[in-house]
Amino acid sequence: QEIEQPQAPEEPNPAPPPAPLEPLLFEVAWEVCWQLGGIYTVLRSKAPAMLQRWDERYCLIGPYNPQTAAFEFDEHQPTGIFRDALTALAESGIPAKYGRWLIPGRPQVILIDYRARYPWLDSDKYAMWKDHGISTQNNDGEVNEVVAFGFAVTEFFIKLVNAAGNRPILAHFHEWMAAVAIPRIAHLGLPISTVFTTHATLLGRYLAGDSADFYNHLPFINPEEQAAKYLIFPRFAIERAAAHASTVFTTVSEVTATEAEKLLGRTPDAIVPNGLNIQRFAALHEFQNMHQVFKERIHEFVMGHFFPSYTFDLDRTIYIFTSGRYEFRNKGFDLFIESLYRLNQRLKAIPDRPTVVAFIITRAWTKHINIGVLQRQSMFEDLKSVCSGLERQMGARLFRAAARGRLPSMPDLLNDEELLRLRQSIQAWRTGPQPAIVTHDLVDDATDPVLQHLRHRQLFNSADDPVKVVFHPEFVTATGPLFNLDYQQFVRGCHMGVFPSYYEPWGYTPMESVALGLPAVTTDLSGFGAYVQHHVPNADQQGICVLNRRTKSFEETTNNLVDYLTNFVQMNRRQRIEIRNRVERLSELFDWSALVVHYHEAHDMALERGAAGRKPMGRLEVRLV
């Protein structure tokens, strides 16, 4: 007889392993809550897309600037590990403010008072030399600020690592001014995955502005020698150290990747193209109506500027413009002006030709607005005011005449006194010299490169010139006395943006034009142009012309641009509407919702590499040298 064996007691189910802690992402840049250049646009426009993935695990870090923080930043009390890290940071002598950036999405922000690090500046700079071989000069204020900020940021991350325990931390740094912390983090062995993005190499910008054949000379350049020549060696060394010490190194375009590989000595791991927040419209006619409204405002400036001397048909006038940082050769201002001269000559041979008004928008050193230009606009406003008053009176008289069943004559609409006032206003306005080619008095009018080129080509706004030029050496703002438009409104009112850059790591200006439904010209030496070539088939038929500047000479590229402009300005209104519609449909390709995936891929790559090389660490303390 079998004896029933007692059953072993069931073992309890093992407890499931704890869920891995989700990583935190910090983006560090000098332009957080501080508008200085293009990085501000990148961070500000990208924030909503970052929050969709990271939510409250996303935070930006920048330097505390009281002037800009006053209207860009809303201070709050930190909680959790942010509170612990910032409290410890303050106890170490570096105060910082926590809050929200007042932009769409309201991302978390930490603004560090890097000036509080100045008492340790000498020892920090000694550490830069001892640990990284980077020597700095005492009288270089910008480098001193960058070093102080970098060491203060490093100190924050030490405190954060202590507060966060085993939680993964990812830090993404933009440009050399935020990059000192990257080699410091690597040197100290902090368990932080780092990403460094160079939007434009510092040395490359100097070299391109000083060489007409930069890209052909690039393979033969000695970076150290050239950095010393331009007196930027500490900046160059910081940028190079960050590129080599980062877990993942990225650039914004293939153009910059080639440059970075040669000048910084590391091939980028990924490309992270820039995007924009594209405002989509429910119906195409909405943005077409906006074009019409803002074009009328530009009409008013043009009438005030040109019509005191001579007139032309505004219905057959094409507005084109170029804009960007005042780098004459890098931004292609030289090629743009040369193409205007040749277009002017070509259009003179065409009967019944259109008029082209070309605007050059950049920021140069100016004294003030030209008095003559301002007087013309003031007299135009006076004339407009007189006509508006007469219009109201004429309307009432017209209605009374029509109500009596008869057509009014001119004496019925305007009496002798009103006619005299109108004649006097017209006479006062229709006087003066030839329209100016520049709206401001420049500090150095004689040697300004734009004016020199315009004078060389005799683009003086003569009455028989079909191409007119307006050089506006200030930003276009709604509060300005000349246009009464902000930049986006001005762009919408034009017909085409032309940006024939020779050195353009990305190129927000043509991208913004496309985002606003405006045809644009760019080049294959801009990051945006190279991106379009790879991702937009038949781009020129869609309203984006990518000029070949990589393998074509200046002469050939100029002639290609003149051909394109000649065809465009001879289009009829229906054809221009159709091309704006095609551009507007294309704009969604450049929205952050489509392009942010490249950032996600770079971040995932950095977290994977960081996890593979991370070692457990105890509590960290920094010993100042």
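Lying across rests here on contact, meaning heavy atoms within 4.5 Å, while axes are lines fitted to C-alpha atoms, for helices over the stretch in contact, with angles running from 0 to 180 degrees between N-to-C directions. Helices (H or I, at least four residues) and strands (E, at least two) are DSSP runs, numbered from the N terminus. This is a predicted model, in which local features need pLDDT of at least 70 and side-chain atom pairs count only at pLDDT 80 or more, whereas totals for chains, interfaces and linings use all residues. Residues are numbered from 1 along each chain as its sequence is written, and side-chain values use heavy atoms, with hydrogens and water left out.

How many of the residues of S14 are buried? In this strand (residues 467-472), 6 of 6 residues are buried, where buried means under 20% relative accessible area, exposed over 50%, and partly exposed in between (1.4 Å probe, protein chains only). In a regular strand the side chains alternate between the two faces of the sheet. In S14 both faces are covered, with Val-467, Val-469 and Phe-471 buried on one side and Lys-468, Val-470 and His-472 buried on the other. Strand S11 (residues 355-361) pairs with S14 in the parallel sense over 6 bridges, and Val-467 of S14 is the bridge partner of Val-356.

Both of these valines are also among the contacts of Leu-343, which, leaving aside its neighbours within four places in sequence, touches Val-356, Val-467, Val-562, Leu-565 and Thr-566. Leu-343 belongs to helix H13 (residues 333-348) and is buried, with a relative accessible area of 0%.

| Helix pair | Axis angle | Axis distance |
|---|---|---|
| H3 (residues 80-91) and H5 (residues 141-164) | about 130° | 8 Å |
| H14 (residues 371-403) and H16 (residues 416-429) | roughly 160° | within 9 Å |

Angles under 35 degrees count as roughly parallel, over 145 as roughly antiparallel, 65 to 115 as roughly perpendicular and the rest as oblique. H3 and H5 are therefore oblique to each other, and H14 and H16 are therefore roughly antiparallel. The contact between H14 and H16 includes Cys-387 of H14 and Trp-429 of H16.

Cys-387 is partly exposed, with a relative accessible area of 35%. A search of the whole structure finds 0 disulfides, a disulfide being a pair of cysteine sulfur atoms within 2.5 Å. Cys-545 is in no disulfide, and the nearest cysteine sulfur, that of Cys-494, is 17 Å away. Cys-545 is buried, with a relative accessible area of 8%.

Definitions and conventions
Pairing = 2+ DSSP bridges.
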